[in-house]
Amino acid sequence: MTGPVEEKGSADKDDYTQDGTVDLKGRPILRSKTGRWNACSFIVGYEVFERMAYYGIASNLVVYLTKKLHEGTVTSSNNVTNWAGTVWMTPILGAYIADAYLGRYWTFISASVVYLAGMSLLTLAVSLPSLRPPSCASGIKEEECNNHASPLHIGIFYFALYTIAVGTGGTKPNISTMGADQFDDFEPKERAQKLSFFNWWMFSIFFGTLFSNTVLIYVQDKVGWGLGYGLPTLGLAISVLVFLVGTPFYRHKVPSGSPFTRIAQVMVASIRKRKLPVPSDPKELYELSLKQYTELKKFRIDHSTSMRYLDKAAVKIDSSSPWMLCPVTQVEETKQMIKMLPILAVTFIPSTMYAQVHTLFIKQGSTLDRSMGPHFDIPPASLTAFVTIFMLISLVIYDRFFVPAIRRYTKNPRGITLLQRMGVGLVLHIIIMVTACLAERRRLSVARENGIYGKLQTVPLTIFILLPQFALMGVADTFVEVAKIEFFYDQAPEGMKSLGTSYFTSSLGIGNFLSSFILKTVSRITKEHGHKGWILDNLNISHLDYYYAFLAVLTFLNFLVFLAVAKWFVYNEEVTFDKEMEALPANSANHEAMTVG
């Protein structure tokens with residue numbers, strides 16, 4: 001009897017997670033009853049409904065601004081990208097609050113309340129007669145209507161939009177990071193399963209997006225904006241409930257203090273001690289003991305030779321002030337966040353290219369023949385569904401076939417490195433903009449051949465001529481977007497994972513703001529000296545083909561910079577095939593991910 005009891009006690013002890021995760025009350029947590037794909041199924045379920053809600057608004061927003069608020073091409077496109085930029089930038093604040101104070105779970109819950117309030121107000125703003133823009137008389141097209149929205153209508157609509165942006169600031173950086181936290185890096189099988197998490201995370205995102213880009217957009221165009229926005233609001237409420245149901249299964253990382261403060265302390269200490277020499281032996285630098293890190297439930301990071309100037313922060317002096325003396329681990333955390341900045345910078349242009357999908361690409365589609373049979377017209381924004389479809393197809397092919405085949409040669413558990421994956425996507429972005437340029441030249445040629453120069457005239461060319469640029473963007477997402485979120489999470493230090501994930505959202509945010517700046521600047525410059533201009537409200541006399549060609553050149557130049565930056569980047573840890581795959585049968589991680597996904 002004694003033997004089995006002792007074995008059980010030993011097994012129970014070994015079953016606690018080793019990565020510092022706890023339950024909501026801060027107690028050690030059992031691995032067998034929490035985390036892994038059991039917990040992630042609720043998180044992924046949340047993301048499906050939440051993405052349906054978000055893209056139910058974002059995908060067709062440019063159409064609402066054009067038809068209901070009567071905004072022009074540049075104004076409506078820039079208002080979409082400015083809002084989207086804000087949506088993707090506010091996660092920096094959300095990551096800060098999570099890492100420094102509330103933790104990921106409670107930051108997410110608080111932000112979800114704001115998010116849901118914004119969605120509810122937006123639904124009311126397009127539904128209630130007193131809040132929505134006045135309707136046009138019977139028989140008058142919305143584009144020709146003179147009943148413009150009042151400042152009150154516009155104010156409430158944009159207030160609701162930016163309330164949503166604030167709410168997403170607390171949900172976006174924490175939900176994906178919390179999902180990755182469900183896998184214990186100290187357990188080989190869980191560590192390997194984590195490699196597929198971000199692939200299937202993106203799968204869930206685009207699955208929800210597919211519903212919004214087909215069903216919801218059709219409802220908005222053909223039934224009404226009230227129901228079209230009411231369904232996403234209901235979807236968001238369901239997503240939060242799904243997340244809450246999974247609460248007993250979640251593992252939580254303890255807030256480790258403000259990452260911005262820790263980074264600032266290293267920078268200040270380095271400057272203050274700039275005249276002190278750095279000892280040749282890194283063991284002479286200030287560092288806490290392993291026991292202290294264990295008690296703090298933090299990881300110690302070994303000294304690296306990069307950015308040696310920052311090592312001055314760890315040079316021992318007669319001061320215990322954190323603004324004068326920082327341990328080596330804190331210095332290394334700062335190094336890891338700083339060295340990702342060049343990679344972050346070269347992801348801005350790809351995010352700018354992606355912004356065209358929900359703005360100018362849709363504007364193009366609105367001028368083309370959208371009929372599918374005698375009684376059905378496809379909404380122009382529904383072409384974004386092909387981004388989703390081709391992303392899903394290419395993601396499955398990549399994860400199930402390409403990775404197992406290529407890793408036999410590279411000995412890398414991911415098949416190729418994250419930066420190599422990102423680079424493939426950047427090449428695809430160049431091809432996409434060239435394709436968009438050629439499609440637009442064809443559209444303008446057909447318009448001229450048929451004498452079509454009016455703003456509201458339809459060019460007798462099928463909307464599916466735009467299909468290649470939408471489809472290729474979906475394939476590019478499999479490489480660029482998945483690689484970005486995984487790279488910034490993987491390379492961020494343990495105590496700054498939310499901040500690392502906010503690098504990903506910041507890439508999208510700045511890319512959208514950059515899109516607004518480029519579009520407005522090009523539109524203004526090309527109108528100077530009496531010229532007609534490239535981007536006008538009437539696309540049938542515009543030159544979007546020139547603009548797309550300009551973006552293709554810009555993307556190519558950015559790719560050259562990326563090659564230089566990627567060449568000099570050093571990963572935190574070189575991962576070998578044998579290390580990652582030990583104790584794990586071939587493809588078992590992907591099989592489990594596929595089962596849940």
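Helices H12 (341-345), H13 (348-355), H14 (360-365), H16 (418-449) and H18 (497-525) are among the elements covering the buried residues of H19. Contact here means heavy atoms within 4.5 Å. Helices are DSSP runs (H or I, at least four residues), numbered from the N terminus. The model is predicted: local features need pLDDT of at least 70, side-chain atom pairs count only at pLDDT 80 or more, and totals for chains, interfaces and linings use all residues. Residues are numbered from 1 along each chain as its sequence is written, and side-chain values use heavy atoms, with hydrogens and water left out.

The buried residues of H19 include Leu544, Tyr548, Phe559 and Phe562. Buried means under 20% relative accessible area, exposed over 50%, and partly exposed in between (1.4 Å probe, protein chains only).

Two non-glycine residues adopt positive phi. His70, at about 55°, lies in the loop between H3 (61-67) and H4 (73-89). Lys411, at about 60°, lies in the loop between H15 (384-410) and H16. His70 is partly exposed, with a relative accessible area of 21%. Lys411 is also partly exposed, at 48%.

The whole structure holds 34 aromatic pairs. Rings of Phe, Tyr and Trp (its six-membered ring) pair if their centres lie within 6.5 Å; planes under 30 degrees apart count as stacked, over 60 as edge-to-face and the rest as tilted. Tyr46 and Phe243 form an edge-to-face pair, with centres 6.2 Å apart and planes at 65°. Tyr46 lies in H2 (residues 36-58) and Phe243 in H8 (residues 225-245), 197 residues apart. Both are buried.
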